[in-house]
Amino acid sequence: MTDDVLIVDALSAGTGQRRSSRDSIGCGPRSVAGVLETLGVNCRITRVEALIQTPGKIRRFDHLAVSAMSMDKPIVKQIISLWRKNKSKGKVLLGGPIASDPIPVLKEIKPNVLVIGEGEETLHDLISQGYLNGKVDLSAIAGIGYKDKSGPHITLARSLIPQKDLWNRFNPSATRIVDYPAYQASRVYIETVRGCSNFRRTTLRLPDGRECSDCGGCDSPDPAIRMDCPEEIPPGCGFCSVPSVWGVPRSRPAGSIVREIEELLNLGVHRIVLEAPDFLDYMREGLPLSIPCEPEANIPEIVHLLKRITDLPQVASGEVYLAIENMKACLFSEDVARALSEILPSTSPNIGLETGSESHSHQIGKCGSPQDVVRSIQLAREFGMTPYVYFIYGLPGETAESVEESIRIMRNVADAGAERIILYGFRPLPNSAFTAFPAPSSGNPFAERLREEANRINSERKQNYVGLVIRGIAAEPSWERHGYTMVYPLSEGPLMTVEGGYSAGTLLDVQVTDILSPGLLLGQSVSSQE
């Protein structure tokens, strides 16, 4: 007996091996599975690494669906080639952020169908019209790309699914979480908001000569004017493609979120992350919402959602940790901090700073200011939370002066109580304003300067953990230390490694004994619970 579709999670795999975020399970592949399940199509999910190690499993399936990012082109090309060597027939569907630049993908990777943009309705149309089992007029399906003898074709763009329809018709599969190795110890992401409220634009001159004319449209009270740029510069922070791909925020009803979480917890998940480009956009009024800092966060709706989740038995007992990622500093008020701390006293709000330079922040299209972030960190600490702060090196417009300002602000947020500094490298994304800018070269002196300071701050923070006992959950064997197991904290905190072999999902109390690197601690188990 064969299953119908093998869904390959290639997200962030790059050339074939995730080195970071190994404990993260995104919602994209499970969303694909959710559509297939509603149509009665059998499916399974596999990590791309597992498929490379055991390619024979391809023969069990009739069709392939791959979810990937732009950076994952090398491994996606390899997987599709592997599939076609083992299967003379069977459709290959490709989707996710990788589809944002469709023509090169169709030419280089050659999927049968490339699902472009928001994929649920497009996938539903393809499958319900019998694409997997027969011929379908692809030119009549909106939101896809395909290649035939005459070359690549892109069909009519599909409109975004209205908020009232999106969550009533489409929800991620919870049951397919069991396909992921060590899912019990992983951070499982739950989509709460799709889209972003920041429709401001970069003022930097783009490589093709386009430049903001300072027309004032980004700050217009009229949503239609805010979304229409005379220079056709994509909206939002220059490095981000969310507003141009996913549009304004569409919040998911609390009942839908809670049902998915409850199903996941019953399957043994221990770490839940509420995901959104900005969680504080949740249920804000005034759709279409395209002003990032007004109105204020909808605290009653946020409280309602969080209380329903924390009332679930596994969460209430302390066996499950609930985290929230991504909050705009300009919406992180004292009332927000108080509400979050009362429901989730140990949460770690993640706040993006990107650059510590006031002028550079404005140039790239950020809302708020670096000082808003410092204020948010102070508030979070005042209410007992342990905030994380994000920086990006290599951004267009970066200068020696802006880097020094970033280092100064990095120290300020550390002094204000930031638990961790997270540093990312800029990557040009299709459909973002910065898509034509180059990524920073290796050995970039600005990157080294920022990395050195971030490592210094994070190492100092790690010293505070030595001697503490941290509740954690076993994930996988250590790559570098034979006979050791990687352990993730049940709450927010550092990655740990302990001697001994523990099965995924084992709860451990780990006493920290040493600092191995800015991102890894050594510990010993003082108790365990299968």
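Modeller: A disulfide is here a pair of cysteine sulfur atoms within 2.5 Å. Please keep in mind throughout that this is a predicted model.

Biologist: By this rule, how many disulfides does the count come to, and which residues are joined?
Modeller: The sulfur atoms of Cys293 and Cys330 lie 2.1 Å from each other, and a pair counts when its sulfur atoms are within 2.5 Å. The count by this rule comes to 1 disulfide, and the residues joined are Cys293 and Cys330.

Biologist: Which parts of the chain does the pair link, and how many residues apart are the two cysteines?
Modeller: Cys293 sits in the loop between strand E12 (271-275) and helix H10 (299-310), while Cys330 belongs to the loop between strand E13 (321-324) and helix H12 (334-343). The pair therefore links distant parts of the chain by the definition of those elements as DSSP runs, and the separation of Cys293 and Cys330 is 37 residues.

Biologist: Is Cys330 buried, exposed or partly exposed?
Modeller: Buried means under 20% relative accessible area and exposed means over 50%, with partly exposed in between. Cys293 has a relative accessible area of 24% and is partly exposed. Because the value for Cys330 is 21%, Cys330 is likewise partly exposed.

Biologist: What is the nearest cysteine sulfur to Cys27, which is in no disulfide?
Modeller: Cys27 is buried, with a relative accessible area of 10%. A disulfide would need a second sulfur within 2.5 Å, whereas the nearest cysteine sulfur is 15 Å away and is that of Cys240.

Biologist: Turning to strand E18 (residues 484-489), how many of its 6 residues are buried?
Modeller: In a regular strand the side chains alternate between the two faces of the sheet. In E18, Tyr484, Met486 and Tyr488 are buried on one side, and Thr485, Val487 and Pro489 are buried on the other, so that both faces are covered. The strand is largely enclosed by the rest of the structure, because the number of its residues that are buried is 6 of the 6.

Biologist: Which residue stands opposite Met486 of E18?
Modeller: Strand E17 (residues 469-477) runs antiparallel to E18 and is joined to it by 5 bridges, with Ile473 opposite Tyr488. E18 also pairs in the antiparallel sense with strand E19 (residues 495-499), over 4 bridges.

Biologist: Which residue in the turn of the E18 and E19 hairpin has a positive phi?
Modeller: In the hairpin of E17 and E18, with 6 residues between the strands, Gly483 takes a positive phi near 85°. The hairpin of E18 and E19 has 5 residues between its strands, and the residue in its turn with a positive phi, of about 160°, is Gly493.

How values were computed:
Residues are numbered from 1 along each chain as its sequence is written. This is a predicted model: local features need pLDDT of at least 70, side-chain atom pairs count only at pLDDT 80 or more; totals for chains, interfaces and linings use all residues. Side-chain values use heavy atoms; hydrogens and water are left out. Buried means under 20% relative accessible area, exposed over 50%, partly exposed in between (1.4 Å probe, protein chains only). Two strands pair if DSSP finds at least two bridges between them.
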